[in-house]
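Please open the structure in a viewer and keep the selection panel at hand.

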Amino acid sequence: MELPKKRGATGTGVRGPATVNVTQVPEFDEIIDVRSEDEFAADHVPGSVNFPVLDNAERARVGTLYKQASPFEAKRVGAALVAANIARHLQHRYFDRPREWRPLVYCWRGGTRSDAFAHVLHQVGWRASRLDGGYQAYRRAVVAELAELPRKFRWKVICGLTGAGKSRLLRALGEAGGQVLDLEALAAHRGSVLGNLPDAPQPSQKMFESLLWKALSGFDASRPVYVEAESRKIGALRVPEAMIEAMWASECVVLESPVDTRVGLLKQEYSHFFDQVEALNAKLELLVPLHGHAVIDKWKSLALAGNWDEFTADLLVRHYDPAYTRAIVKHYPALPRAPRLELRDASDDAFNALARRCLDDSRLTTHDSRIS
């Protein structure tokens, strides 16, 4: 008589952990990446946690044994390390999980590392599954979907000169219930020569694409999605071509702000440079080919003197405005017929009012819509 088979995550009879595909990832209570710390840092499934069965040093040790000694020696040492690490993770991280807990485990190719961890979890009695093809299968799915997903949505691109408050408007739109894609937040960069965030390095290109894929996967295609106008690159990261093309072909909303308001907003965003003048001046050196030494020396002097209002206004008018205008006119054919919103007050109330106006399609027409 054949014993009844245990049921896996997909509902099919299996004797060990079930294998699932990328589309099933959201079904699980926890996603466990068992690769090394360096592999995880380069890219991972958004929301996953890293509990290596071989850490960086151990993985290097086993790899060296495989090449210099023998596969058998590498497997013997590796198996002991993997068993010890799984036991430690089980004791310190997963000991109190309820019987109904459903974890998904993945490694590089969905092979030995994830199979070992998922097998132990399954033997305990949890409904553990393993990602078929591992990270490599996930990465292929991300690349394929990023070539298609951006075209499924109706984008509304927030345009406006640097410092106009586009990022603040995006945040207000999100808080008001709108669908928002904040590419600069995903890229940890403000998209300009001075755009590096002081406390957050940019993610890898692959991690940026993973975060973008997750954001796109969560949108409702029946509702518009607001996004800020961007160039092909945000800092060191490239925006996927399909995303850029979808933005360029979309409707626009223009946010206009007077220079003094823009100066105030920009000073808030770049206030970390007030205490890092030498770092700021090093960045300004990159603009010498565009503006010449005389202009750059003037900006450096203003920064050293702490004359931030004059410095910011001059930088806006001389550098940012001409560059932005050339790029926006070139890439956004819908710009001439875009509705225009004027920000005269940089308060939260003003941004919230603009956000409500944007979300009310019946009020936002192609003629000027102005708010004081």
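A cavity is a set of grid points where a 1.4 Å probe fits but cannot get out, and its volume is the space filled by probe spheres set on those points. The model on display is predicted.

**First stop: the enclosed space**

How many cavities of 30 Å³ or more does the structure hold? There is one, and about 120 Å³ of space lies in the largest cavity. To display its lining, select L194, L266, K267, Y270, F273, F274, L280, W308, F311, T312, L315 and Y320. Then colour helix 10 (259-269) and helix 13 (308-331), the elements that each give two or more residues to this lining. Helix 13 provides the largest share, with five residues. Colouring the lining by residue class shows ten nonpolar residues, one polar and one charged.

Is H272 buried or exposed? Its relative accessibility is 15%, and H272 therefore counts as buried, the cut-off being under 20%. Now show the side chains of R190, N196 and P198, with which H272 is in contact when its neighbours within four places in sequence are left aside.

**Third stop: the cysteines**

A disulfide is a covalent bond between the sulfur atoms of two cysteines. A search of the whole structure finds zero disulfides. Select C252 and C159 to see why C252 forms none: the closest cysteine sulfur to that of C252 is in C159, at 3.9 Å, whereas a disulfide requires the two sulfur atoms to be within 2.5 Å. C252 is also buried, because its relative accessibility is 4%.

Finally, select F28 in the loop between strand 1 (18-20) and strand 2 (30-33). With a relative accessibility of 9%, F28 counts as buried.

Note on methods: Residues are numbered from 1 along each chain as its sequence is written. This is a predicted model: local features need pLDDT of at least 70, side-chain atom pairs count only at pLDDT 80 or more; totals for chains, interfaces and linings use all residues. Side-chain values use heavy atoms; hydrogens and water are left out. Helices (H or I, at least four residues) and strands (E, at least two) are DSSP runs, numbered from the N terminus. Buried means under 20% relative accessible area, exposed over 50%, partly exposed in between (1.4 Å probe, protein chains only). On a 1 Å grid over the protein atoms alone, a cavity is a set of points where a 1.4 Å probe fits but cannot get out, and a pocket is an open set with protein on both sides within 12 Å along at least five of seven lines; lining residues have an atom within 4 Å of a point. Ala, Val, Leu, Ile, Met, Phe, Trp, Tyr, Cys and Pro count as nonpolar, Asp, Glu, Lys and Arg as charged, and the others, Gly among them, as polar. Contact means heavy atoms within 4.5 Å.
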